[in-house]
Amino acid sequence: MDLRVSRRLTCALLAGAISAMALPGLAQETAWVKSKLDPVLELPTGLKKKVYFVESFLADVAHRVMVAGAQNAVDEMGWDMEVLNPENNLERQVKMIEDALAKGDMDALILSAVDSEGVASTVKKVSDRGIPVAIVDRWPSDGEITFGVGGDWYQHGTDATEEMIRRLTAKNG
């Protein structure tokens, strides 16, 4: 196995998943990374890889930033990435993942789930085939997840509100 290629795929997957947390205003100390990597993915080498990024809702700027980061990393490797947008519809997301899996060209999946429970059995189908799965925020209850990144959104809301109160108080007394 070529460790350099596998490390690059790990980086490509992480790049998209972590990009949203680099947005201004997100508290880095409340972000999380859960990983089963040590630190490489076992993938065949010498082949062009196909990464599917199945988003939940691309109308959100943070999600578009994640996709852009992932696309950049995948492009640098000369691989392909297909972005699927179910527009926050769980049934559509499940069908998109299952259709992509049926094509037989999926080397990796990045998933921002519409509903963590609703995608669990589909994620299990992907991971049961030995395909690495990266999760953004919503961790499914089933399936082998390679790694995931996310944030403590409650804390982000608290931090943003406290900062706004501080600024408004400083400005208006």
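What is on screen is a predicted model, in which local features need pLDDT of at least 70 and side-chain atom pairs count only at pLDDT 80 or more, while totals for chains, interfaces and linings use all residues. Residues are numbered from 1 along each chain as its sequence is written, and side-chain values use heavy atoms, with hydrogens and water left out.

Colour next by secondary structure, where helices (H or I, at least four residues) and strands (E, at least two) are DSSP runs numbered from the N terminus. The chain has 5 helices and 6 strands, in the order α-β-β-α-β-α-β-α-β-β-α from the N terminus on. Of its 173 residues, 43% count as buried, a term that means under 20% relative accessible area, with exposed over 50% and partly exposed in between (1.4 Å probe, protein chains only).

Now select Met106, Leu109, Leu111, Val126 and Val133, the residues with the most contacts inside the largest nonpolar core, which has 19 residues. Such a core is a set of buried Ala, Val, Leu, Ile, Met, Phe, Trp, Tyr and Cys residues joined through side-chain atoms within 4.5 Å. Two or more residues each come from β2 (50-54), α3 (90-103), β4 (108-111), α4 (120-128) and β5 (133-136), and α3 gives the most, with 5 residues. A second, separate core of 15 residues includes Val51, Leu58, Val136 and Phe147.

Move to α3 itself, whose 14 residues reach 20 Å from first C-alpha to last, close to the 20 Å expected at 1.5 Å a residue; the expected span is 1.5 Å times one less than the number of residues. Which residues of α3 are buried? They are Gln93, Val94, Met96, Ile97, Ala100 and Leu101, and they lie on the same side of α3 because they cover an arc of only 160° around the axis, the arc being that of the directions from the helix axis to the C-beta atoms. Their cover includes β2, β3 (80-84), β4 and α4, whereas Glu91, Ala102 and Lys103 are exposed on the other side of α3. At the N-terminal end, Asn89 caps α3 with a side-chain oxygen 3.1 Å from the backbone nitrogen of Glu91, and after α3 comes Gly104, whose phi is positive, near 85°.

Then select Lys50, in strand β2. Is Lys50 buried or exposed? With a relative accessible area of 16%, Lys50 is buried. Beyond its neighbours within four places in sequence, Lys50 is in contact with Asp80, Glu82, Asp105, Met106, Asp107 and Ala108. The side chains of Lys50 and Glu82 are joined by a polar contact of 3.2 Å, that is, a pair of N or O atoms within 3.5 Å, of which, within protein, one must be able to donate a hydrogen and the other to accept it, with residues adjacent in sequence counting only if both atoms are side-chain atoms. Lys50 and Ala108 are 58 residues apart along the chain, yet their C-alpha atoms are separated by 6.7 Å.

Finish at Asp128 in helix α4, which counts as exposed at 55% relative accessibility.

Conventions
Contact means heavy atoms within 4.5 Å.
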